[in-house]
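Colleague: I'm new to this one. Could you walk me through it?

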Amino acid sequence: MKFLDVDGVGRVSRIGLGTWQFGSREWGYGDDYAAGPAREIVTRALALGVTLFDTAEIYGFGKSERILGEALGEDRADVAVASKVFPVAPFPAVVKQRARASASRLRLDRIPLYQIHQANPVVPDSVIMPGMRALLDEGLIGAAGVSNYSLDRWRKADTALGRPVISNQVHFSLAHPGALDDLVPFAERENRVVIAYSPLAQGLLGGKYGVDNRPGGIRSVNPLFNVENLRRVEPLLQTLRTVAADVRAEPAQVALAWLIALPGVVAIPGASTVEQLEFNVAAADIELDTSARDALTAAARAFRPVSTRRVLTDLVRERLGRA
């Protein structure tokens, strides 16, 4: 495993574990999953050196935090647990109350990394961040982070907090490489962290889906799995397959290895089974040379998915055609 040392948070594994699916019905994982596989996944993650576990109050409406806190057991205070507050009425007193509620569900006295889940379009960070600053001063959180923030808003959050906002958790993968343009360079310059969620683009970068093999379930409404986008992504997938063959790994592992080779970047793939967790963690041992990284970056930048509006139009036409 590879690690970053993050101020206020501690030793953070470059491959972490995202726990959106813990207690969440969107992915079809119910109570049986929470009581069995979720615990097994967390236990195995600890054994493999994973120290970053990401959750949020909104995941399963608190269930994810409870499941994770229970599954971590006595190790919960020794790892980098990250949670998030959803910024509805994010005034200082509310932010503090919600942090205490998350800490209670996680069975923690201190949340190592506490993040604003997304930028509030109406309430500025000058209103939100005093609550985060109070949590830092009281020692209830180790560091403040944000999620889904632009670089401009990240900088404004810094100013509002009066100290570094240590991390920004964003949608980032070879299929969604926008963070390369500004967030990653900023993180490298300022000694910050970019946390990549959906690092495998909901399985797209595993290479098994295509025009003739489209997924069902929640993935079916993801624009990336539209027929046109599946055609457009094929050159990227072929580059992934070529690099994977060269390093004797799988395309999805190479996609993760590419992310964590970037300065200040960690990835938080989810896992539905212990085997999937082990598969993801193994990516930390893959070394990509400069030519492989450059080829993947070029292929990522060349991928131009069609817009969501176009995808919706095509979906309606497809459904009408079936009718």
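Modeller: First, a term: a cavity is a set of points on a 1 Å grid over the protein atoms alone where a 1.4 Å probe fits but cannot get out, with lining residues having an atom within 4 Å of a point. Points join across faces, edges and corners, and volume is the space filled by probe spheres set on them. This is a predicted model: local features need pLDDT of at least 70, side-chain atom pairs pLDDT 80 or more, while totals for chains, interfaces and linings use all residues. Numbering runs from 1 along each chain as its sequence is written, and side-chain values use heavy atoms, without hydrogens and water.

Colleague: How much space lies in the largest cavity?

Modeller: The count comes to one cavity of 30 Å³ or more. Its lining includes Val6, Leu52 and Ser167. The space in the largest cavity is about 60 Å³.

Colleague: Are helices H4 and H5 oblique or roughly parallel to each other?

Modeller: Helices here are DSSP runs (H or I, at least four residues), numbered from the N terminus. Axes are lines fitted to C-alpha atoms over the stretch in contact, with angles from 0 to 180 degrees between N-to-C directions. The axes of H4 (residues 92-106) and H5 (residues 125-138) come within 7 Å and cross at roughly 45°. Angles under 35 degrees count as roughly parallel, over 145 as roughly antiparallel, 65 to 115 as roughly perpendicular and the rest as oblique, so H4 and H5 are oblique.

Colleague: And how do H2 and H11 lie to each other?

Modeller: The axes of H2 (residues 37-47) and H11 (residues 274-281) come within 9 Å and cross at roughly 30°. H2 and H11 are therefore roughly parallel.

Technical notes:
On a 1 Å grid over the protein atoms alone, a cavity is a set of points where a 1.4 Å probe fits but cannot get out, and a pocket is an open set with protein on both sides within 12 Å along at least five of seven lines; lining residues have an atom within 4 Å of a point. Helices (H or I, at least four residues) and strands (E, at least two) are DSSP runs, numbered from the N terminus.
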